[in-house]
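Hi everyone, thanks for coming.

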Amino acid sequence: MNMHSRPADPKKLIKGATGDWEVVIGMEIHAQVTSNSKLFSGSSTEFGGEPNSHVSLVDAAMPGMLPVINAECVKQAVRTGLGLKAQINNRSVFDRKNYFYPDLPQGYQISQYKSPIVGEGVVLVDTADGPIEVGIERLHLEQDAGKSIHDQHPTMSLVDLNRSGVALMEIVSKPDLRSAEEAKAYVTKLRTILRYLGTCDGDMEKGSLRADVNVSVRKPGEDFGTRCEIKNVNSIRFIGQAIETEARRQIGILEDGGRIDQETRLFDPNRGETRSMRSKEEAHDYRYFPDPDLLPLEFDDAFVAELKAHLPELPDEKKARFVADYGLSAYDADVLVAEKETAAFYEEVAKGRDAKAAANFVINELFGRLNKEGKDIGSSPVSAAQIGAIVDLIADGTISGKIAKDLFEIVFTEGGDPRAIVEARGMKQVTDTGAIEAAVDAIIAANPDKVAQVQAKPTMLGWFVGQVMKQTGGKANPQAVNDLLKGKLGI
């Protein structure tokens with residue numbers, strides 16, 4: 001389905017004073033390539049480090065220094081293209097994009113303009129209103145600039161070139177997104193794919209993933225409006241806020257009879273506003289031309305086939321397998337495949353067990369608890385084997401679901417073997433009907449008024465169940481309690 005002819009969704013329209021408006025969003029994601037050295041030099045790409053400690057003569061643009069392409073960065077770009085189901089171009093060209101800025105020592109950035117390494121692709125994004133396809137326009141390789149630091153000296157700006165020359169993939173989407181929520185879901189999904197592939201760590205706090213967001217508004221069914229680009233948004237939450245803010249600003253101008261200037265803007269999360277940075281340059285302003293120091297980048301189909309053969313199972317395929325093989329709901333499968341490590345952990349728990357019960361426990365108990373602690377699966381104090389043991393104890397009737405929650409809490413905070421803990425602390429559920437029957441009889445004898453009420457109104461049975469559970473310290477098998485009570489009360 002051609003997304004440009006995608007009919008406007010009334011739920012996604014923004015109400016203005018003169019009627020409804022549709023927001024149209026395209027994204028340019030800059031993803032730092034996972035590699036040990038930079039795109040055209042052998043310098044380290046490690047984050048942090050003293051300013052200017054990861055800089056070679058090439059990165060500092062010393063005269064006579066020539067760039068040499070890093071083959072691993074090329075492989076990472078091709079892997080990413082394959083993960084985006086995109087066209088891989090066996091021949092691509094590096095261009096010089098000329099602009100003068102203190103943190104760009106060469107006076108130009110080596111990028112790709114007309115002939116990128118990866119062409120059109122597609123990303124499937126799950127949203128609250130169902131899946132959407134977001135077209136990928138292109139992916140190209142380019143080098144990052146250095147960093148200007150303005151707050152270390154009263155009258156001077158300082159320049160750190162550690163990032164200068166670090167390989168970036170610029171992933172350009174088509175203008176297929178129609179709400180802030182869709183845009184956030186798209187970046188989340190793209191980040192998941194990159195992390196599965198191991199081509200970018202997706203760490204937005206360290207700047208490994210940054211987004212330029214193009215926003216325009218239009219009346220539903222009309223042509224695209226003039227767009228503004230919001231530069232360098234560095235968190236998924238801010239991407240959502242920036243889009244909402246910018247769309248409202250543009251609607252306000254248009255409804256007052258003004259027009260939108262095509263420009264580059266910055267989003268200020270503290271003030272909740274976007275502000276003008278500069279008028280948008282056109283491509284000719286950068287005087288692009290092929291870099292004379294670099295030959296066109298060429299590789300054959302066998303090179304691509306070899307990389308494709310070793311790709312990991314990607315999130316969409318993994319989700320489909322979880323639904324088909326484990327009988328999980330699409331929602332549960334989504335939650336489990338969001339991180340590669342989470343999916344692997346779940347599969348270990350599910351091995352040889354009821355896969356749905358395993359998923360419920362991992363999602364509800366473990367993830368809930370990890371979120372509360374601000375931990376990720378990698379730092380979980382509970383192993384897959386321990387959770388598997390708890391799931392087994394529930395399955396064989398040794399403990400109830402309620403006891404399982406208490407047991408999980410003990411294992412989470414103190415560690416230990418779940419079976420041994422149940423034995424040592426007497427946590428087994430009581431399935432011995434004799435013991436349960438004694439408790440049931442005692443409660444019935446002590447509450448004749450309630451017995452009369454429950455016989456008139458059987459929904460009151462819950463009160464009796466609660467009393468029996470209390471008397472048995474929560475260990476009675478709830479099913480046995482229900483059956484006994486019903487029998488004795490004649491309901």
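Let me start with a term: two strands pair if DSSP finds at least two bridges between them. Helices (H or I, at least four residues) and strands (E, at least two) are DSSP runs, numbered from the N terminus.

What you're looking at is a predicted model, where local features need pLDDT of at least 70, side-chain atom pairs count only at pLDDT 80 or more, and totals for chains, interfaces and linings use all residues. Residues are numbered from 1 along each chain as its sequence is written, and side-chain values use heavy atoms, with hydrogens and water left out.

OK, the whole chain. You'll find 15 helices and 16 strands in it. Along the principal axes, the C-alpha atoms fill a box of roughly 95 × 55 × 55 Å.

How much of the chain counts as buried? Of the 491 residues, 48% do; buried means under 20% relative accessible area, exposed means over 50%, and partly exposed is in between, with a 1.4 Å probe and protein chains only. As for contacts (heavy atoms within 4.5 Å), take those with a separation of 6 or more: 67% of them come from residues 24 or more positions apart. The chain exposes about 23800 Å², and 52% of that is supplied by carbon and sulfur atoms. Those areas come from the Shrake-Rupley method with a 1.4 Å probe, and for residues only the protein chains shown count as cover.

Next, have a look at β7, residues 130–143. Ten of its 14 residues are buried, so this strand is mostly covered. It pairs with β6 (residues 121–127) in the antiparallel sense over seven bridges, and a hairpin through two residues joins β6 to β7. Val123 stands opposite Val134 in β7. β7 also pairs with β10 (residues 167–173), again antiparallel over seven bridges, and there Leu139 has Ile171 in β10 as its bridge partner.

There's also an open sheet of three strands, in the order β5-β4-β15, with antiparallel pairing. β5 (108–111) and β15 (289–290) stand at the edges with a single partner strand each, so one side of each has no neighbour in the sheet. Strand β4, residues 95–98, is joined to β5 by four bridges, and Arg96 has Ile110 in β5 as its bridge partner.

Most residues other than glycine have a negative phi. Asn52, in the loop between β2 and α1, has a positive phi near 60°, and its relative accessible area of 39% makes it partly exposed. Asn232, in strand β12 (residues 228–233), has a positive phi of about 50°; at 45% relative accessibility, Asn232 is partly exposed too.

Last stop: which residues make the nonpolar surface patch of about 270 Å²? They're Leu57, Met62 and Met65, and Leu57 sits in the loop between β2 (19–32) and α1 (71–83). Patches take residues with over 30% relative accessible area and no salt bridge, joining like charges within 9 Å and nonpolar side chains (Val, Leu, Ile, Met, Phe, Trp, Tyr) within 5 Å. A salt bridge here is a side-chain nitrogen of Lys or Arg within 4 Å of a carboxyl oxygen of Asp or Glu.
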